[in-house]
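Hi,

Here is the structure I said I would pass on. Have a look, and my notes follow below.

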Amino acid sequence: MNEQRKAILDMLAEGKINADEAERLLTAIEPGETAPAADRKTGKKYLRLVVDYMENGEPGRVNIRVPVALLRAGVRLSALVPAQALEKANAEMAKSGVPFDLTQLKPNELEELVNHLDEVVVEVDSSEAQVRIYSE
């Protein structure tokens with residue numbers, strides 16, 4: 001890891017800068033490492049999650065659009081999180097019914113997911129809600 005990159009990640013870990021600022025700085029020093037407007041491998045820019053539901057007789061919608069580049073950056077930055085913090089986060093998620101192990105999140109596995117985003121469309125219909133997950 002070069003010194004500039006390490007300094008940026010240290011500032012992020014110390015709370016001197018936020019994740020957006022770190023991403024901008026990393027982009028400035030490593031222009032070849034960032035994805036252009038559309039993701040290099042898939043041509044997709046976003047992972048989209050849409051939930052349409054009814055609550056008290058009124059329709060509602062949750063519409064989340066996550067940039068693929070942010071997913072990549074987040075996985076890379078997760079290497080800075082101490083193992084004890086990840087274990088505590090896992091325990092809290094498990095208490096809430098989310099069986100996800102953050103310690104198993106690896107950059108190469110994310111790349112595999114990103115590479116197949118153009119093939120992914122998940123739709124769940126129930127009497128209470130419709131959920132769609134796809135890339136665009």
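Let me start with Y46: apart from neighbours within four places in sequence, Y46 touches R65, V66, P67, V68, Y134, S135 and E136 (contact here means heavy atoms within 4.5 Å). Y46 sits in strand β1, residues 46-55; helices (H or I, at least four residues) and strands (E, at least two) are DSSP runs, numbered from the N terminus. With 17% relative accessibility, Y46 counts as buried (under 20% relative accessible area, with exposed over 50% and partly exposed in between, using a 1.4 Å probe and protein chains only). Y46 and Y134 are 88 residues apart along the chain, and their C-alpha atoms are separated by 8.5 Å.

Before you go further: this is a predicted model, so local features need pLDDT of at least 70 and side-chain atom pairs count only at pLDDT 80 or more, while totals for chains, interfaces and linings use all residues. Residues are numbered from 1 along each chain as its sequence is written, and side-chain values use heavy atoms, with hydrogens and water left out.

On confidence, the chain averages a pLDDT of 75, and 79% of the residues score at least 70 (pLDDT is the predictor's confidence in each residue, from 0 to 100). Over residues 33-39 the pLDDT falls below 50, though this stretch has 14 contacts in the model beyond near neighbours in sequence.

Now the helices. In α1 (residues 3-13), the buried residues are R5, I8, L9 and L12. Viewed down the axis of α1, they fall within an arc of 95°, so they line one face of the helix (the arc is that of the directions from the helix axis to the C-beta atoms). These buried residues pack against α2 (19-29) and α3 (68-77). After α1 comes G15, with a positive phi near 80°.

α1 and α2 pack at about 175°, their axes 10 Å apart (axes are lines fitted to C-alpha atoms, for helices over the stretch in contact, and angles run from 0 to 180 degrees between N-to-C directions). The two helices are therefore roughly antiparallel (over 145 degrees). From α1 the contact uses Q4, R5, I8, L9, M11 and L12, and from α2 A19, A22, L25, L26 and I29.

Lastly, N90 lies in helix α4 (residues 83-95). At 13% relative accessibility N90 counts as buried, and beyond neighbours within four places in sequence it contacts F100, D101, L102 and T103.

Cheers

Definitions and conventions. Parallel < 35°, antiparallel > 145°, perpendicular 65-115°, else oblique.
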